[in-house]
Amino acid sequence: GKAEAARALANLTAGINDGDNRVAIVCAGAVDPLVQLLRTGDAEGKAEAARALTIIAVSNVDSKVAIVRAGAVEPLVQLLRDGNAKGKAESARALANLTAGVNDGDTRVAIVHAGAVDPLVQLLRTGDVEGKARAALALTNLAANNVENKVVIARAGVVGPLVQLLRDGNAKGKAMAARAVTNLVSNNADNK
């Protein structure tokens with residue numbers, strides 16, 4: 001069904017450095033149905049839609065813009081709040097990819113205003129190994145070059161869970177937590 005279609009779209013682009021497949025998928029109109037699946041699908045469908053959007057967004061600013069304009073932010077945040085472990089991890093990864101390497105701070109601000117910070121911090125506290133690493137990465141990217149976001153993230157109680165991940169996480173989790181701490185304190189005297 002729809003989850004399998006989303007998985008197939010993700011698999012068409014996964015592991016490929018050439019963005020042609022990603023652009024072709026966006027141009028073919030796949031983003032809107034994927035966002036719809038995020039809103040109305042079952043748990044598997046929502047997770048696969050988030051995964052497909054994550055992969056489509058990799059290293060392509062135009063694709064990221066198309067995904068945000070299609071209204072993906074709010075259902076991704078909803079999945080982060082209410083999804084199963086896989087859905088939450090995929091949502092965090094999608095939010096991280098939508099903000100990776102983007103100089104335009106509007107996407108970061110929109111994600112924070114949509115309420116992503118608290119569920120990301122919660123995932124950092126209680127998620128599985130993959131969820132914690134992906135939450136740390138999303139928070140890292142949301143904090144990048146945005147003092148207001150850094151303050152919101154710090155006030156959400158992120159420091160304790162990041163320190164815990166630095167102590168007890170796997171190698172990937174520890175690396176993501178270190179990056180998050182670095183982004184939170186760089187150019188922000190309030191968080192040092």
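Modeller: A salt bridge is defined here as a side-chain nitrogen of Lys or Arg within 4 Å of a carboxyl oxygen of Asp or Glu. The model is predicted, so local features need pLDDT of at least 70 and side-chain atom pairs count only at pLDDT 80 or more, while totals for chains, interfaces and linings use all residues. Residues are numbered from 1 along each chain as its sequence is written, and side-chain values use heavy atoms, with hydrogens and water left out.

Biologist: How many salt bridges does this rule give?

Modeller: Side chains of opposite charge can pair when their charged atoms come close. Under the stated rule, the count of salt bridges is 6.

Biologist: What is the N to O distance in the salt bridge between lysine 86 and glutamate 48?

Modeller: The side chains of lysine 86 and glutamate 48 meet in a salt bridge. This pair links distant parts of the chain, 38 residues apart, with lysine 86 in helix H7 and glutamate 48 in helix H4; helices (H or I, at least four residues) and strands (E, at least two) are DSSP runs numbered from the N terminus. The N to O distance is 2.8 Å.

Biologist: Is glutamate 48 buried or exposed?

Modeller: Buried means under 20% relative accessible area, exposed over 50%, and partly exposed in between (1.4 Å probe, protein chains only). Lysine 86, at 40%, is therefore partly exposed. Glutamate 48 has a relative accessible area of 3% and so counts as buried.

Biologist: Which arginine forms a salt bridge with glutamate 48?

Modeller: The closest N and O atoms of this pair are 3.6 Å apart. Both partners lie in helix H4 (residues 43-57), 3 residues apart, about one turn of the helix.

Biologist: Which residues does the salt-bridge network with Glu90 and Arg93 join?

Modeller: Arginine 93 and glutamate 90 form a salt bridge, their closest N and O atoms being 3.3 Å apart. Arginine 93 is partly exposed at 24% relative accessible area, whereas glutamate 90 is buried at 7%. Salt bridges that share partners make one network of Glu90, Arg93, Glu130, Arg134 and Lys172.

Biologist: Which residues is serine 91 in contact with, leaving aside its neighbours within four places in sequence?

Modeller: Serine 91 lies in helix H7 (residues 85-99) and counts as buried because its relative accessibility is 0%. Contact means heavy atoms within 4.5 Å. With the neighbours within four places left aside, serine 91 is in contact with Ala50, Leu76, Val77, Leu79 and Leu80.
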